[in-house]
Amino acid sequence: MQYPSDILLECNVPEKENQFLFHYTTYSAALGILLSQQMRLGPLVNKNDPLEFEDLRDDGRVIHENHSIEESAIIVGDYINAVDEKERSVRFASFAMDMPFYNPPKDSQENCYNNLSKGWARSRMWAQYADSHKGVCLIFDKENLVKSFKNAFDACDTYCKEVTYTNNLYPLQESLAQNCKSLLTSEKIDFLFQKCQDFRDEQEFRLLLVDKSLKSPDELVSFSISDSLCGVIPGVRFPKENVLSLKKAMKYCNSKIKWLPIWWNYGMPHLADAERLKSMVEEVFGEQ
């Protein structure tokens, strides 16, 4: 497993893109993940995009042709069952990726070596998902994370890929009009990796499980992350009184997990590799 450092994570070159995935969360949730060594998968009904959680089981919006009352009742009934199946059977976990690398024009003053393009440096996500910078960002080795996820649910359907962002919802609407018996067919599964463009800066990578044996959206599902969690970034407002307990939980989970505090300078985020800084201090001043 690859373990991150400040140099590696701040290096914005194509061959280093998306080697790691990033999960923003609160201190208490991070503590639970570390101590249990498990990542919990959540139901789609907890998502923020209406495209994913909207409940259309109430009316005939899925009916686009003239049908008899009996035919309409069958179509609506099929769709109600399909919505129930999706809410009951689907679980997911979300991670942020680095933004795509690009070379700005030579006459541009834009700097492509910009940490704001990195998955760990999303100001809005620190605010929204990590308790206004008082939480943490967990770093995962992408290859190991995907492998652990697939192995944990090898008897079910699993999907691991990037989310696409579009405001063109007509293909989804047309697909629903053609067949409403299931929302989890191979033709429709891509719609579970689609969100409105308003969410595009999240650069989400999603692990998605379809387990039709699940009975309720409240049924807990998780998988091991002990072989993939490789770094923890405490927010810039992370409470000092929580540092010791979080570090103990990290050691319990895997003693090799890197502790990488974040700091901001004139709006630009940077990472401080605590071990590297300690060795530099000892080199200059001598071991105290």
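To get my bearings first, how many helices and strands are there in the chain?

Guide: The chain has 9 helices and 13 strands. Both are DSSP runs numbered from the N terminus: helices are H or I with at least four residues, strands are E with at least two. This is a predicted model, so local features need pLDDT of at least 70 and side-chain atom pairs count only at pLDDT 80 or more, while totals for chains, interfaces and linings use all residues. Residues are numbered from 1 along each chain as its sequence is written, and side-chain values use heavy atoms, with hydrogens and water left out.

Now the rings. Rings of Phe, Tyr and Trp (its six-membered ring) pair if their centres lie within 6.5 Å; planes under 30 degrees apart are stacked, over 60 edge-to-face, and the rest tilted. That rule gives 7 aromatic pairs.

Take Phe 153 and Phe 223. Their ring centres are 6.4 Å apart and their planes stand at 70°, so this pair is edge-to-face. Phe 153 lies in the loop between helix H6 (142-152) and strand E5 (157-162). Phe 223 belongs to strand E9 (residues 221-224). The pair therefore ties together parts 70 residues apart in sequence. Both Phe 153 and Phe 223 are buried. Buried means under 20% relative accessible area, exposed over 50%, and partly exposed in between (1.4 Å probe, protein chains only).

Next, Phe 238 and Trp 259. This aromatic pair is also edge-to-face, at 6.5 Å centre to centre and 80° between the planes. Phe 238 sits in the loop between strand E10 (229-234) and helix H8 (243-253), and Trp 259 in strand E11 (residues 258-259), so the pair ties together parts 21 residues apart in sequence. Phe 238 is buried, with a relative accessible area of 9%. Trp 259 is buried too, at 13%. Tyr 27 joins in: ring pairs link Tyr 27, Phe 238 and Trp 259 into a cluster.

Rings also meet charges. A charge sits over a ring if NZ of Lys or CZ of Arg is within 6 Å of the ring centre and within 35 degrees of the ring normal. The charged end of Lys 195 sits over the ring of Phe 199, 4.5 Å from its centre.

Last, step back to the whole chain. Of its 288 residues, 44% count as buried.
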